[in-house]
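Subject: Structure for your review

Dear colleague,

Please find below the structure that I am handing over to you. I would be grateful if you could look through it alongside the notes that come after it.

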Amino acid sequence: MTSLRNLTVDEQVALLFFTLFGLLVLVSVATALYSLRDTPGAQGEALKRFRRDLRAVWVGATAFWLAWVSGPVGATLFFGLFSFLALREFISLQHTRRSDHHSLILAFFFVLPVQYAIVATRHFDLFTVFIPVYVFFAIPVVSAMAGDPHRFLERNAKIQWGIVVCVYGLSHAPALLLLDFPRYAGRGAFLLFFLVIVTAVAQVVQELASRRLRRRPVARHISRSFSWRAWVIGAIVAACVGALLYWITPFKAGQALAMAFIAAGCGTLGEFVMKALKRDAGVFFWGNRSGVTGAVGLLDRVAPLCFAAPVFFHSVRWYFKLA
Amino acid sequence: MSLAELMGLLLAFIARVITGTQGHWKGCPPTAEQRIYFANHQSHFDWVLIWAALPKDLRTKTRPIAAKDYWTATPFKHWLTREVFNAVFVSRQRTDDQDPLEPLVQALQVGDSLVIFPEGTRSNKGEPMPFKSGLYHLAEQFPQVQLIPTWIDNVQRVMPKGEVVPVPILCTVTFGAPLQLGEGEDKHVFLERAREAVLALRPRVS
């Protein structure tokens, strides 16, 4: 571990990506070999699902790498694009009216680019208040101008919500890349990597745990699998993984444990909230299987990150006592 | 690559960014057979959406119908419809000695596919209005051409009537199974059947 700490930043980053892609190659080769065997029925179905998820991880890892090598501008553009696609998916499944048209144009073509421009130029004070303060006021004003009182609060709430989750939440991911910490310059990629890994681990472990435990669901009508015990197991395992990864972060092992627990817990709770939203919209997946839209299910994958990133970001800022 | 081709690629790209342009081939594969696609009509964006949902090599052989007076009014509109989309021009003013379907018949005779909106105008009631009879006459004259019912979903939210800037919302284009004109089938029965076939492709929530 000490020898790793003594490497230069670039060497550490290179090692990180080397390990990441190495693991992915190993898993892919193993899956390819396994799929040569004759797999009947349910097993084949599970394998297909696993391969689809694996492909998504590949895409995610490549995007992450590209975001890193292309610097602040590239990272911002990348996450901006993700934000755009997620918001598009979110709005597609909500019921909007004709009179929402101008508010939606404002959300897509003004709020989103401006928020990411603020990230790219590292105005972190404006970054935290732009959407909660200014956009929060602007959207209902534009909406009221359209002159349609029908379900006014509900329509505005939907748009605001979409903006906060898909734009505000997700924009904290490139912010982690760009935020300069004292004694930690140039290592933002590790923090983002740390965040992505712990939220992903929590998600997978929680899913496995809920299948094993078969506990009484907390809210049957929202999710048949979510139970407190599964959630705690997911968050704790993720926290342990985070503690093991402490050497890539600015934290000490105990602090990494706590930070990972916070991020992972928020991520899986965020996913749970998104499930409630999906039930409200009458779909089970944001993706293609709903048959309503041609969505690729991106929102399903980024939702935990949308919730975990802001909490994690501000915890980190607080930890470093950054103004 | 010509300017028109570049323009085509640009428009297809914009359509993809805004709507996702997912083509769902439920009843027939996307093959290079001669076809008439008939679809519901809710927005000016409809044609671009169908066109962008088609595989690239089918786009050049699949042509829209454009109103001559409107789409030849300025040089740019004329260039766009003629060079980029290879549109079939029809005149909206009826003259006694000319069959309004004549340009469509010519296009079908040379082997091109067509996209038509048999409602005749844009509707915003959700369900398509009764179909005009042009589809029946074409089906009668060209029994070998496949008639493909097509449903375009969600596009009225992208660009409602009277708006100019589209809002990014995912849309789907669903292509159904080919329809046949029955032996001696009544015009109204056939048109109603065609309308039902289009409506049946509408995706249901969950």
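Predicted model: local features only at pLDDT ≥ 70, side-chain atom pairs only at ≥ 80, totals over all residues.

Chain A contains 11 helices and zero strands. Of its 323 residues, 48% count as buried. Among the contacts in chain A with a separation of 6 or more, 72% are made by residues 24 or more positions apart. The accessible surface of chain A is about 16,000 Å², and carbon and sulfur atoms make up 68% of that area.

A nonpolar patch on the surface is formed by A:Leu126, A:Val129, A:Val133, A:Tyr134, A:Phe136 and A:Phe137, which together have about 570 Å² of accessible area. One of these residues, A:Val133, belongs to helix H6 (residues 124-145) of chain A. Its relative accessibility is 35%, so A:Val133 counts as partly exposed.

The largest nonpolar core has 114 residues, and the members that touch the most others are A:Ile163, A:Phe194, A:Leu195 and A:Phe312. Beyond its neighbours within four places in sequence, A:Phe194 is in contact with residues including A:Gly242, A:Leu245, A:Phe251, A:Met259 and A:Phe312. Another core, of 28 residues, lies apart from the largest one and includes B:Val88, B:Leu114, B:Leu135 and B:Leu147.

In chain B, helix H5 (residues 75-84) has B:Leu80, B:Thr81 and B:Val84 as its buried residues. Viewed down the axis of H5(B), these residues fall within an arc of 110°, and therefore they line one face of the helix. Their cover includes helix H1 (3-19), strand E3 (62-67), helix H4 (68-71) and strand E4 (88-90) of chain B. After H5(B) comes B:Asn86, which has a positive phi, near 55°.

Over all chains, the whole structure holds 14 salt bridges. In one of them, the side chains of A:Arg155 and A:Asp148 meet at 3.7 Å, N to O, and both residues are buried.

B:Glu127 takes part in a salt bridge with B:Arg195, with the closest N and O atoms 3.8 Å apart. B:Arg195 lies in helix H9 (residues 187-199) of chain B, 68 residues from B:Glu127. B:Glu127 also forms a salt bridge with B:Arg202, where the closest N and O atoms are 3.6 Å apart. B:Glu127 sits in the loop between E5 and H7 of chain B and B:Arg202 in the segment after H9, so this pair ties together parts that are 75 residues apart in sequence.

With kind regards

Notes: Residues numbered from 1 in each chain as written. Chains lettered and ligands numbered in written order. Heavy atoms only, no water. Core = buried A, V, L, I, M, F, W, Y, C linked by side-chain atoms within 4.5 Å. Buried < 20%, exposed > 50% of the residue type's maximum accessible area, 1.4 Å probe, protein only. Contact = heavy atoms within 4.5 Å. Helix = DSSP H or I, 4+ residues; strand = E, 2+ residues; numbered from the N terminus. Arc of directions from axis to C-beta. Patch = residues over 30% accessible without salt bridge, like charges linked within 9 Å, V, L, I, M, F, W, Y side chains within 5 Å. Areas by Shrake-Rupley, 256 points an atom, 1.4 Å probe, with all protein chains shown as cover. Salt bridge = Lys/Arg side-chain N within 4 Å of Asp/Glu carboxyl O.
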